[in-house]
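Here are my notes on the model you sent. Please read them with the structure open.

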Amino acid sequence: MNKKIIVAICGASGAVYGLRLLKALLARPVHVHLSISAAGRKVMRHETAYEGNAFKTFLDAYGCQCHSTARLDIHDPDDLFAPPASGSFRHDGMVIAPCSMKTLGAIASGLAEGLIGRAADVCLKEKRPLILLTRESPLSAVHLENMGRAAAAGATIMPPCPGFYFRPETIEDLVDHTVARVLDHLHIEHDLIKQWGVDDIL
Ligand SMILES: Cc1cc2nc3c(=O)[nH]c(=O)nc-3n(C[C@H](O)[C@H](O)[C@H](O)COP(=O)(O)O)c2cc1C
């Protein structure tokens, strides 16, 4: 059985994290349910070559090479009838990459608004993995408190903070380091980065 992973892309800076994660997931036998917030699309248009055209076409141009059994379902962020909105939909985890402070706040306060907020809320109540690539700097006391509340409810707070011990040379190396850690938490095998103490790193 292919793993089922929910991916959401919100309007924080760092659309590339969501894109790189999609590329990595779809290269494997994974069924991805994707939702992009309205702000997420706008920021993606600003930060990448995405021009607002069909997203799957853009992914092809981005170099996404799908595994023969991979599948991508894209859901409107307002579609509360999509599978990820229900606790009866069994899946292997949800990643919000990047996650804005707005969406973090909504999750921390249980607003369950829209498909992304509802799917995240469902992960917490059903005790399924919820990984938030929160992106903002500096962080206010409100942001920090919201991260603490979401973590206490079961979310994994994973701000994109790449390590430098593996000597990155490109932006892709930095992004891959964060995406690799996400895949680790989803228990998905990958070779995006070398393992400290296992592979020859230096
Ligand atoms: C270019 C750009 C970059 C932004 N970067 C961030 C960011 O890094 N973190 C953040 O929390 N919000 C950021 N925002 C603001 C969010 O897009 C805004 O709060 C939005 O309402 C988030 O909505 P969403 O969570 O539904 O996607 C940015 C906005 C723009 C236009």
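1. Start at the strand pairing. H31 has R71 of β3 as its bridge partner. Keep in mind that this is a predicted model. The pair belongs to the join between β2, residues 30-36, and β3. Five bridges hold that join, and the two strands run parallel.

2. Now widen the view to the sheet. Six strands make it up, and the sheet is open. Read across, the order is β3-β2-β1-β4-β5-β6, with parallel pairing. The edges are β3 (71-75) and β6 (156-157), each of which pairs on one side only. As background, strands of a sheet pair through backbone hydrogen bonds, either parallel or antiparallel.

3. Turn to the helices. Two packed helices are described by the angle between their axes and the distance between the axes. For α1 (residues 15-26) and α7 (residues 171-185), the axes come within 10 Å and cross at roughly 55°. The two helices are therefore oblique to each other. Their crossing is right-handed. On the α1 side, the contact uses V16, Y17, R20, L21 and A24. On the α7 side, V175, D176, T178, V179, V182 and L183 take part. By class, this contact has eight nonpolar, one polar and two charged residues.

4. Helix α4 packs on α6 (residues 141-152) at an angle of about 45°, with the axes 9 Å apart. That makes α4 and α6 oblique to each other as well. Here the crossing is left-handed. From α4, the contact draws on M101, L104, G105, I107 and A108. From α6, it draws on H143, N146, M147, R149 and A150. The α4 contact with α6 has six nonpolar, three polar and one charged residues.

5. Is A106 buried or exposed? A106 counts as buried, because 22 C-beta neighbours lie inside 10 Å and the cut-off for buried is 20 or more.

6. What does A106 touch, leaving out residues up to four places away in sequence? The contacts are L111, E113 and G117. For a sense of distance, take A61. A106 and A61 are 45 residues apart in sequence. In space, C-alpha to C-alpha, they are 33 Å apart.

Conventions
Residues numbered from 1 in each chain as written. Predicted model: local features only at pLDDT ≥ 70, side-chain atom pairs only at ≥ 80, totals over all residues. Buried ≥ 20, exposed ≤ 12 C-beta atoms within 10 Å, placed from the backbone. Contact = placed C-beta atoms within 7 Å. Pairing = 2+ DSSP bridges. Helix = DSSP H or I, 4+ residues; strand = E, 2+ residues; numbered from the N terminus. Axes fitted to C-alpha atoms, helices over the stretch in contact; angles between N-to-C directions. Parallel < 35°, antiparallel > 145°, perpendicular 65-115°, else oblique. Left-handed = near helix turned anticlockwise from the far one by under 90°. Nonpolar A, V, L, I, M, F, W, Y, C, P; charged D, E, K, R; others polar.
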